[in-house]
Amino acid sequence: MSHRIGEQRSAGFWPLALVFALFVVFLYGPMITIFVLSFQGPEGGLTFPLRGVSLHWFRKLAEGLGTVDIGAAFGRSLMLGAVVMGFTVVLSVLAGLAFRKRLKGGNALFFVTVASLIMPSIIVSLGIGLQFRLLDTGLKCALGAIGAEGLLENYGTALGLLTSALGAHLTWTLPFGLLIMFAVFNRFNPAYEEAARDLGATPWQSFLHVVLPLIGPSVVGIGMFGFTLSWDEIARTSQAIGDVNTLPLELQALTSTVTTPSIYALGTVTTVVSFAVMAIALGSAALLGRRSTRRR
């Protein structure tokens with residue numbers, strides 16, 4: 001046992017314990033408060049005391065909040081998060097495999113990739129939005145020059161959910177995936193692959209049946225990071241989304257117009273989705289970890 005019976009704790013234990021307790025309260029207190037207030041009765045307000053307990057505000061949320069289509073925004077965020085997760089996983093694994101060998105210019109490529117983490121998110125969003133607006137201008141000029149008037153009239157903008165917004169989110173999720181994958185392959189034992197090659201496995205079979213099961217838990221973790229970071233992202237989306245909004249952007253806009261606990265109900269729903277993704281990811285990682293241990 002780390003703390004034996006009768007042993008006196010050091011003088012610094014209780015101050016540090018108090019600091020940790022305050023940190024936990026500061027971190028989770030607002031979230032718990034929103035959870036509690038979202039289950040108020042019909043007469044409930046935005047502050048305590050709690051007036052009744054019911055699912056009234058969740059029903060109001062399902063009916064819609066004014067002119068805002070929460071269902072559509074929810075679907076857009078789910079789709080964008082899933083696409084971002086897929087790209088983050090695939091690109092991170094491929095980059096991890098590539099960087100196992102010494103690449104000419106590899107260090108510069110790595111620093112360029114992770115540089116977006118130190119850039120202010122709103123600046124990244126503005127830059128991506130500007131790039132796509134310049135692209136719009138160039139395409140319209142090109143269409144006008146070749147006389148494609150029909151295409152020019154129907155052309156809107158290249159800004160969109162799966163174009164500029166996807167790129168903006170990847171500037172946030174991909175560096176985390178790369179850092180995780182580099183750490184994984186840094187301690188990966190290549191003897192497993194060599195044994196598979198000696199037994200006649202092709203490079204693809206070696207990756208599919210040996211490497212992937214061993215790195216599976218980390219791949220699941222990268223997927224979880226990719227989805228949750230995209231699901232909650234506001235700053236990098238704000239200037240690069242085009243004429244539609246994701247759920248976090250709608251939630252941010254509603255904070256200044258909605259004056260009922262429906263806004264708390266929406267926050268509860270979005271948080272539950274994040275926790276559900278984390279639970280699925282952790283369960284999948286644990287399952288893959290047990291399978292890889294059995295194979296060894």
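Helices are DSSP runs of H or I with at least four residues, and strands are E runs of at least two, numbered from the N terminus. This briefing concerns a predicted model, in which local features need pLDDT of at least 70, side-chain atom pairs count only at pLDDT 80 or more, and totals for chains, interfaces and linings use all residues. Residues are numbered from 1 along each chain as its sequence is written, and side-chain values use heavy atoms, with hydrogens and water left out.

**The largest pocket**

- A pocket is defined on a 1 Å grid over the protein atoms alone, as an open set of points where a 1.4 Å probe fits, with protein on both sides within 12 Å along at least five of seven lines; lining residues have an atom within 4 Å of a point.
- The largest pocket holds about 220 Å³ of space, where a volume is the space filled by probe spheres set on grid points joined across faces, edges and corners.
- Its lining consists of Leu 97, Arg 100, Lys 101, Glu 193, Arg 197, Pro 203, Ser 206, Phe 207 and Val 211.
- Helices α8 and α9 (203-231) each supply at least two of the lining residues, and α9 gives the most, with four.

- Glu 193 belongs to helix α8 (residues 191-198).
- Glu 193 counts as buried because its relative accessible area is 13% (buried means under 20%, exposed over 50%, and partly exposed in between, with a 1.4 Å probe and protein chains only).
- The side chains of Glu 193 and Arg 100 make a polar contact at 2.5 Å; such a contact is a pair of N or O atoms within 3.5 Å, and within protein one must be able to donate a hydrogen and the other to accept it, while residues adjacent in sequence count only if both atoms are side-chain atoms.
- Leaving aside residues up to four places away in sequence, Glu 193 touches Arg 100, Phe 188, Ser 206, Val 210 and Val 211, contact meaning heavy atoms within 4.5 Å.

**Nonpolar cores**

- A nonpolar core is a set of buried Ala, Val, Leu, Ile, Met, Phe, Trp, Tyr and Cys residues joined through side-chain atoms within 4.5 Å.
- The largest such core has 21 residues, of which Leu 61, Leu 65, Ile 70, Leu 247, Leu 254 and Leu 266 touch the most other members.
- Two or more residues of this core come from each of α2 (56-63), α3 (70-98), α9, α11 (247-254) and α12 (262-295), and α12 gives the most, with seven.
- Another core, of 14 residues, lies apart from this one and includes Val 89, Val 93, Phe 188 and Ile 215.

- Leu 80, in helix α3, is buried because its relative accessibility is 1%.
- Leu 80 and Leu 161 are 81 residues apart along the chain, and their C-alpha atoms are separated by 6.9 Å.
- Leu 282, in helix α12, is exposed because its relative accessible area is 56%.

**Backbone features around α2**

- Most residues other than glycine have a negative phi, and most peptide bonds are trans.
- Gly 64, which follows α2, has a positive phi, near 110 degrees.
- Phe 48 and Pro 49 are joined by a cis peptide bond, with omega about 10 degrees; Pro 49 is in the loop between α1 (13-38) and α2.
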